[in-house]
Amino acid sequence: MVREQKNNYAALSGEVIQEPIYSHSAGGEDYFTFPLRCLRLSGAEDLLNLVLSRTQLEQLDGRPGDRVGVVGQVRSYNNHSGQGSKLVITVFAQSIEPGDGSYFNRILLSGALCKKPVLRAAGRWWPS
């Protein structure tokens with residue numbers, strides 16, 4: 001399941017926590033999301049929200065308690081639907097398959113993780 005990518009890469013193996021729910025449609029395809037529980041070596045757990053297509057979901061038939069392995073990309077966006085802005089981070093599944101029972105999460109990020117800051121001082125501003 002290892003595949004090299006240049007910008008961002010996620011390889012996860014964990015347990016499905018909830019039934020997948022509809023997220024959105026794009027390009028004529030429906031997408032669903034569900035949380036995946038991944039244990040760290042320290043014993044702490046990460047809950048990572050996966051996004052996958054209806055086609056992937058039908059091939060997987062993932063239900064709570066199922067173990068899955070995922071290769072994909074980290075995606076983020078600002079959700080402005082509530083009070084203020086909230087950064088939402090998900091893993092977009094490019095491939096997903098039944099897991100072997102192990103837990104792991106490997107994320108590789110390279111490049112700019114955020115836009116350049118705008119510096120401000122006493123009512124003046126200048127781009128950095």
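Predicted model: local features only at pLDDT ≥ 70, side-chain atom pairs only at ≥ 80, totals over all residues.
## Basis of the model

Local features need pLDDT of at least 70, side-chain atom pairs count only at pLDDT 80 or more, and totals for chains, interfaces and linings use all residues. Residues are numbered from 1 along each chain as its sequence is written, and side-chain values use heavy atoms, with hydrogens and water left out.

Helices (H or I, at least four residues) and strands (E, at least two) are DSSP runs, numbered from the N terminus.

## Nonpolar core

In soluble globular proteins, nonpolar side chains tend to be buried together. Here the largest nonpolar core has 17 residues. Such a core is a set of buried Ala, Val, Leu, Ile, Met, Phe, Trp, Tyr and Cys residues joined through side-chain atoms within 4.5 Å. The residues with the most contacts inside the core are Leu-12, Phe-34, Leu-36, Leu-50, Val-68, Val-70 and Ile-96. At least two core residues come from each of E1, E3, strand E4 (45–53), H1, strand E5 (67–79) and E6. E3 gives the most, with 4 residues.

What does Leu-50 touch, not counting residues up to four places away in sequence? Its contacts (heavy atoms within 4.5 Å) are Leu-12, Phe-32, Thr-33, Phe-34, Leu-36, Val-70, Val-91 and Ile-96.

## The end of strand E1

Strand E1 covers residues 8–16, and Val-16 lies in it. Val-16 is buried, at a relative accessible area of 1%. Pro-64 is 48 residues away from Val-16 in sequence, yet their C-alpha atoms are 4.9 Å apart. Beyond four places in sequence, Val-16 touches Phe-34, Pro-35, Leu-36, Arg-63, Pro-64, Gly-65, Asp-66 and Val-68.

Glu-15 is also placed in E1. Its relative accessibility is 16%, so Glu-15 counts as buried. With neighbours within four places left aside, Glu-15 is in contact with Pro-35, Leu-36, Arg-37, Gly-65, Asp-66, Arg-67 and Tyr-103.

## Salt bridges

The structure holds 4 salt bridges. Each is a side-chain nitrogen of Lys or Arg within 4 Å of a carboxyl oxygen of Asp or Glu. One of them joins Arg-37 and Glu-15, at 2.6 Å from N to O. Arg-37 lies in strand E3 and Glu-15 in strand E1, so this pair ties together parts 22 residues apart in sequence. Arg-37 also bridges to Glu-45, with the closest N and O atoms 3.2 Å apart. Glu-45 is partly exposed, at 44% relative accessible area.

Another salt bridge joins Arg-54 and Asp-30, at 2.8 Å from N to O. Arg-54 lies in helix H1 (residues 54–60) and Asp-30 in strand E3, so the pair ties together parts 24 residues apart in sequence. Both partners are partly exposed: Arg-54 at 33% relative accessibility, Asp-30 at 23%.

## Aromatic rings

A pair of aromatic rings is described by the distance of the centres and the angle of the planes. Rings of Phe, Tyr and Trp (its six-membered ring) pair if their centres lie within 6.5 Å; planes under 30 degrees apart count as stacked, over 60 as edge-to-face and the rest as tilted. The count comes to 2 aromatic pairs. Tyr-22 and Phe-32 have ring centres 5.9 Å apart and planes at 85°, so this pair is edge-to-face. Tyr-22 lies in strand E2 (residues 21–26) and Phe-32 in strand E3 (residues 29–39), so the pair ties together parts 10 residues apart in sequence. Tyr-22 is partly exposed, at 47%, whereas Phe-32 is buried, at 9% relative accessibility.

The rings of Tyr-31 and Phe-92 have centres 5.9 Å apart and planes at 45°, so this pair is tilted. The pair links distant parts of the chain: Tyr-31 is in strand E3 and Phe-92 in strand E6 (residues 86–98), 61 residues apart. Tyr-31 is buried, with a relative accessible area of 15%.

## Charges over rings

Arg-75 lies over the face of Phe-92, at 4.3 Å from the ring centre. The charged end of Arg-106 sits over the ring of Phe-104, 4.4 Å from its centre. The cut-offs are NZ of Lys or CZ of Arg within 6 Å of the ring centre and within 35 degrees of the ring normal.

How values were computed
Buried < 20%, exposed > 50% of the residue type's maximum accessible area, 1.4 Å probe, protein only.
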